[in-house]
Amino acid sequence: MSSTEPTVILRMSVRSTVFYLDGPLASEARFLLEDFRLATNGAIRAGLQARLTSRNALCKLAYKDFREEHYNMFAQHLVSAFGVAAGILKNHRRRLKRLRTEQAVRPPYVKRLMMKAENQAYRLDRKEGIIDLPIRAGLHVKLKLVVSQYHRCYLDDEAYSLGSLTLLPYKVIIAFRRETPKLYAPKSVLSLDTNERSLDGVFLRKGSSVAVRAEFPDVAIIQQRHHDRRRKLQKKKANDRRSARALCKREGKREHNRVEYRLHEVANVVLSFAESQVSAIVLEDLTGIRHKKGKDMNRRLSMWPRRELHRIIEYKAEERGIPIVKVDPRYSSRKCPICGSIQHSRMGTEFECKCGWHMDRHINASVNLLQTAVSKGLEVAGGLRFDPGAFRHDAMMILYEPAMAARSEPNGMSEDGVVGP
Ligand SMILES: [Zn+2]
């Protein structure tokens, strides 16, 4: 692209979707998986020796030798193996940098069978759900996919183009790409503080502000219940570690599906509200927040559901053109938004300041997030200012609560990737 042309930036959203294979994997495809793993591990070794981490550099360095060694492999798959190796090498280098001691980390290698193909290297019959994967010149295998209604949304929608394909022994992951709509210019702001059992926040538009809440207490309850169950299982199967592990894994999967289902519901409701009010959404940036180690505390305060909720809100917002602003949450739970003083302890459900300001602790945090976002340049049509005098915090607007979940709960045994709309 020449620099004189105006560049149009297409924002693409990518949805990775899991399909199970209908029937066992053809033996040719299995050989391909093994060959791919060999090539990837070979490329990793070559990259480590030559201290290279880019796909192109690896290709230049080793393509010829590899071509001879893996003469049976479709050329594009070989290039793709270099790509996978490059990704692994980059991660490895990042890890080394963080540790600063080279001995502590074992050289990386790929253990499980997998292969990746870019979209030029395979065909998908979207109507029939059949993948045509070339193995080598003159030899292709067909992979029949199990297609559910959920998958149909992607297969039948022309707006989704095909991205890369990841093949595993019994499933494939297809990346569907779609151009995302332009973000709208917000007319109001929904600032949300993310907690273990709820999103608490403030909805601010010109002239008024109101406290809002979306409650999901069952997420913590589900986590607790499954934690207890796992613990019991481990005790019961103390002499049989293998079956204990298998049962725990199943428990974990159920827990994951149940939690995921609720998080999707919460996210949908919050986003529909934001969309109807033409709101920007302010969230705290949770990356880098870690909790103190400690057996029970660590699990109880598991950050995963909160991060997952953010992930869901973010990608759904992107698909709907809703702007999201993420801000540093430092001091958000201890700062007074009126006078700016910072308190030492954050105990209690109520935030109280010497200046007279008092507020629900979580709502107070969201007001701070909002102010940080505004100070970092979040602009809203007509301009906005948080006016504590006009803040109606006596009346809470409930965006979501479990009773609203009219649909029956899933049994937790649904397939991967079928969670949520
Ligand atoms: Zn104060």
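Predicted model: local features only at pLDDT ≥ 70, side-chain atom pairs only at ≥ 80, totals over all residues.
**Close-up views of charged pairs and a surface patch**

**View 1. Arg152 and Asp156 pair up within helix 4.** The two side chains meet in a salt bridge, with 2.8 Å from N to O. Both residues belong to helix 4 (residues 149-156), where they sit four residues apart, about one turn of the helix. Asp156 has a relative accessibility of 47%, so it is partly exposed.

**View 2. Arg311 forms a salt bridge with Glu260.** Here the closest N and O atoms are 3.7 Å apart. This pair links distant parts of the chain, 51 residues apart: Arg311 lies in helix 8 (residues 304-320) and Glu260 in helix 6 (residues 241-276). Arg311 is partly exposed at 41% relative accessible area, whereas Glu260 counts as buried because its relative accessibility is 7%, and buried means under 20%.

**View 3. Arg311 also forms a salt bridge with Glu308.** The closest N and O atoms of Glu308 and Arg311 are 2.8 Å apart. These residues are about one helical turn from each other because they are three residues apart in helix 8. Glu308 is buried, with 8% relative accessibility.

**View 4. Salt bridges link Asp200, Arg213 and Asp360 in a network.**

**View 5. Met396, Ile398 and Met404 form a nonpolar patch on the surface.** Together they have about 230 Å² of accessible area. Met404 is found in the segment after strand 15 (391-400), and at 42% relative accessibility Met404 is partly exposed.

Definitions and conventions
Residues numbered from 1 in each chain as written. Heavy atoms only, no water. Patch = residues over 30% accessible without salt bridge, like charges linked within 9 Å, V, L, I, M, F, W, Y side chains within 5 Å. Areas by Shrake-Rupley, 256 points an atom, 1.4 Å probe, with all protein chains shown as cover. Salt bridge = Lys/Arg side-chain N within 4 Å of Asp/Glu carboxyl O. Helix = DSSP H or I, 4+ residues; strand = E, 2+ residues; numbered from the N terminus. Buried < 20%, exposed > 50% of the residue type's maximum accessible area, 1.4 Å probe, protein only.
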